[in-house]
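This note is written for a colleague who is meeting the structure for the first time. Please read the points below alongside the sequence and the model.

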Amino acid sequence: MGARTGRDDAPVAFLLPGQAALVPGTADGLHRAHPVFREALDECARILRPHLGADLTELLRDGDADQLRRTSIVQPAVVALGYALSRLWAHWGVRPTALLGHSLGEFTAALLSGVVALPDALALAATRGRLMEEMPPGAMLALPLGEAEAAGIAAAHGLDLAAVNGPAATVLSGTHDAVERAAAALAERDVRALRLPVDRAFHGAPCGPAAARFAEELAAVPLHAPGVPFLSGVTGDWITAEQAGDPAYWARQMLSPVRFHDGLGRLLALDEDLVLVENGPGSVLTDLVRSAGAGPAEDAAAARTGAPRLAPAPLPSRGRRSADDEPASAVLSLAGLWAHGAPVVWEPAGADARLAGLPGYPFERLPHWIEPGPAAPAASAASPATAPAGASEADAVHARIVWRPLGPGVEVPADPFARRQTWLVLCDAEGATQPVIDLITARGQIVTVVRPGPEYRRVRRGVYEIDPGDPSQYAKLLADLRGLVRTPTAIVHGWGLAPAADDGAQGYFGLVRLARAMTEASVVNDVRLGVLTAGAFRVLDGERPDPAAALLSGPVQVLPEEYANLRCAQVDLAPGARLDAESALDVLRAVVAAPARLLALRGADLLTRAVEPTRPVAPASSAGSAPGAVWVVTGGFGGIGRTLAGHLARTAGARIALLGRHPVTDEDEGPAAEFVGDLRARGTEVLCLRADVADAHSLAEALDRVRETFGGIDGVVHAAGVPGGGSVELRDDDEARAVFAPKTAGIRNLLAALRPGEAGTLLLCSSLATLVPTYGQADYAAANAYLAAAGEAEDARGERRVITVNWDMWASVGMASAAEVPADLRALQERMLAGALTPAQGTRAFAALLEGPGGQGVVARAGAEVTDDGTLRLTAEPTAARPSTTLLPRPELATAYTAPGTPTEERLAEIYGEMLGIDRVGIHDDFLDLGGHSLLAAQVVARLRAEFGVDVPARAFFEGGRVADLAVDIEDRILADLENQ
């Protein structure tokens, strides 16, 4: 609890909201917890029943969102809730000295001040709501501009000035078309206007007929002089008895701009210790007071030092999880009033209450124990990698890949714009991503558009071109955006929607160059990265995936393992699908939520990739191959290639052609030469050929030799590959291209070289790296994703059976066992190899696969499990261990939480949260109250220097260090630097 002010008789003023946003369950918690509130609201419900045709308490508790948006329901509900809350405040000894209402809230003030009796007030509120609901549809637009400039815009576009809420906070109202025109014109000036969530044009000329009829209703109702002073929204000054009793005034009140800012200045001039509290649903007015300040600068009577004294709102909608939160919020509001010096009456403790003494210091039982990470499994003589010959061992785990809806408890927000983002959209040259840009722009959020071009240039405000092949231009772009305070918090990579001119490698390098540039440009804030593709995956029967699009899934899955601030999701559209307004919204919802790294949008359904366990087919003696069949094995001199070729020779009497870049000769020694010698000694016909699958001519010549020697080709095992290894930050592009070549160019060349009718079975050796995100394996995962997609596309053609196998690591014979990896990955490599597939397990799985159908399968180590949500978990998870961080809840401060409202404020709040370990930071929270200290202040200064390129003096953190103040200071410094350049 914050320290209480020295005064114990501070006056209180109620802030009374207007057209509030109601949610199902509003006030239900207070209704159940407090008899005084319940009796008052029930009384209002009885009065309103004949006017609403329903019970108000039931509507608030059980009504759906559509009902609770209707003006005919909202307006009487807001007045009733204001009345019930005032009765609860009175029960707690809180009585207002003055009242300030916004729009409809002024009518609530008339009720609380005695101008109109409760039955008449509720009946009139229901009439007012019904009349306004009958108005023609309209719209309202909030502007970050002062009154004079807003009035000029209103006149230019045929709109009305509807409200003046602050020195740079105004609202316009009018028809939908006029509002859209004004919003578009403002966007050209980089003025961010916000459409309000209403469907009528309040406080403007369209209200004329409704206002006239409302005045007629008022004429039949007794009106009295106010017993509690309240401010007029028409004049911004104290209302007179004549105005309060004149029906024509209340008609003007519906038509005139709401002069809330003027009224606030008059209100705060009453007493320097005046405490304000919102008396109604939501916290809109609380936020307005914080942002508006003390009142008009020219009004000397309103001049005062310090921020307005505000108690927390008793019925806040922001941060509300359920109605059960409401009693605690109301009590916190009461405590806030008391802490600011307002007199309150505390309710006596219940009969069953037990008094407990409090310690003299903040005593919070929060665990701070550092849990040990998972220990590496101890290697033993019986482990699969070292089991003696003949020892029994479990079979590998078989699974298949499926696409299914998100699991229970996984939520995707209905509104991706509920939290303000700064967007960066990489738009393809054909404009397929344009609907996404249009939607973001329409919702008033900052967006920077980048298109591919021959060189770096700023096309116009918010639109750039860069050469995707030049890494330096990504860094320059992010540096320029940082200077404009446009560092992205959400990125939509739409270049994957354009047809790939190559194997998709440029798309891969574009993504990793963007990630590297974020490091170079010191982008340390959390970033949502959504990668859009079309047809990357075979989600539905009959689809033929695009391998170039699938290639992007490698970095999408691995980048978050290497960059802690990246949260990635690939959103794949159906093959040939085009974005429209509806699907663009679905895409942005998926990007913001990122419920999984690989997502597919098919129609209105958002699907995620999963695995399902399968039972392997028992292999026949012929191992799925006709006796004497001719099999070509690419990568045939490697460990896995030799193992699978040996199995075919032993069990099916196959004739074998081994292809590799370094074939065995008669003079060679070593494992490969020994293997070939053993096969020939058993009578197997073996052909060893030099061929690089990435070289189309070399591969074609080798296959011609096979045909000349054996008379045809019955099957192919494509096992060629180059191991990956190393983070994208340190990985050379040429190294990645070497990893791609045997998988991407290799499969293209192989399919082109095979003739119609030959190679009835094609088995492709892919990797679990495509399924299990692994640090340092972005290129390898991408290459194998390409291979798997190419295999599925070929299988869908129906000309041959194509089996794509996502193999786990192989012990002693696979590339993983021989690969040289960076020092930071060696321990992980050793741990993984301890449980890898043995050659015996691998050959049994191979035999079972040859007996089964085509398609994509998974073969994982014995002991791996598939969880209920479709995740494949290995005995040792192949991810770099990263300590988990538990954020503490925001401490209970005397200052109510206010969410960030600008990109700079959002970034500062995120930095504070990370440095202080707090789950949310309000823009008016004091740095020291949050737990800051001198050493931490120095670290924050360094972090802000890296983030914004400005030096914030350390003393700022001991003078409050509030996010709102720092944001203004930083933006001023950036602008000053730009002007001095």
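Which element gives the largest share of the lining of the second largest cavity? Helix α3 does, with three residues; point 2 takes up this cavity in more detail.

1. Basis and overall composition. The model is a predicted one, in which local features need pLDDT of at least 70 and side-chain atom pairs count only at pLDDT 80 or more, while totals for chains, interfaces and linings use all residues. Residues are numbered from 1 along each chain as its sequence is written, and side-chain values use heavy atoms, with hydrogens and water left out. The chain has 32 helices and 27 strands; helices (H or I, at least four residues) and strands (E, at least two) are DSSP runs, numbered from the N terminus. Of its 981 residues, 55% count as buried, where buried means under 20% relative accessible area, exposed over 50%, and partly exposed in between, with a 1.4 Å probe and protein chains only. Taking contacts between residues at least 6 apart in sequence, 76% join residues at least 24 apart; a contact means heavy atoms within 4.5 Å.

2. Two cavities of 30 Å³ or more are found in the structure. A cavity is a set of points, on a 1 Å grid over the protein atoms alone, where a 1.4 Å probe fits but cannot get out, and lining residues have an atom within 4 Å of a point. Grid points are joined across faces, edges and corners, and the volume is the space filled by probe spheres set on the points. The second largest cavity holds about 50 Å³ of space. Its lining consists of Thr 26, Ala 27, Asp 28, His 31, Leu 41, Thr 57, Leu 60 and Arg 61. Two or more of these residues come from each of α1 (28–33) and α3 (56–62). By class, the lining has three nonpolar, three polar and two charged residues; Ala, Val, Leu, Ile, Met, Phe, Trp, Tyr, Cys and Pro count as nonpolar, Asp, Glu, Lys and Arg as charged, and the others, Gly among them, as polar.

3. A parallel sheet. Four strands in the order β2-β1-β7-β8 make an open sheet with parallel pairing. Because β2 (98–101) and β8 (309–310) each have a single partner strand, one side of each edge strand is left without a neighbour in the sheet. Strands count as paired if DSSP finds at least two bridges between them. Four bridges link β1 (residues 12–16) to β7 (residues 275–278), and Leu 15 has Glu 278 of β7 as its bridge partner.

4. An antiparallel sheet. Strand β4 is joined to β5 (residues 169–174) by five bridges, and Leu 161 is partnered by Leu 172 in β5.

5. Strand β15 (residues 527–534) pairs with β16 in the parallel sense over eight bridges, with Arg 528 opposite Arg 567 of β16. Seven of the eight residues of β16 are buried, so this strand is largely enclosed by the rest of the structure. Strand β16 (residues 566–573) also pairs with β17 in the parallel sense, over four bridges; in β17, Ala 600 is the partner of Asp 572 and Leu 601 that of Leu 573. In β17 (residues 598–602), five of five residues are buried. Leu 598, Ala 600 and Arg 602 lie on one side and Leu 599 and Leu 601 on the other, and both faces are covered.

6. Helix α25. Seven of the ten residues of α25 (residues 744–753) are buried, so the helix is largely enclosed by the rest of the structure. The buried residues are Thr 744, Ala 745, Gly 746, Ile 747, Asn 749, Leu 750 and Ala 753. Their cover includes α23 (696–710), β22 (715–718), α24 (733–740), β23 (761–767) and α26 (778–797).

7. Gln 856. This residue lies in strand β25 (residues 855–860) and counts as buried because its relative accessibility is 16%. The side chain of Gln 856 makes polar contacts with the side chains of Glu 792, at 3.3 Å, and Asn 806, at 2.9 Å. A polar contact is a pair of N or O atoms within 3.5 Å; within protein, one must be able to donate a hydrogen and the other to accept it, and residues adjacent in sequence count only if both atoms are side-chain atoms. Leaving aside residues up to four places away in sequence, Gln 856 touches Arg 400, Ile 401, Ala 788, Glu 792, Thr 804 and Asn 806.

Notes. On a 1 Å grid over the protein atoms alone, a cavity is a set of points where a 1.4 Å probe fits but cannot get out, and a pocket is an open set with protein on both sides within 12 Å along at least five of seven lines; lining residues have an atom within 4 Å of a point.
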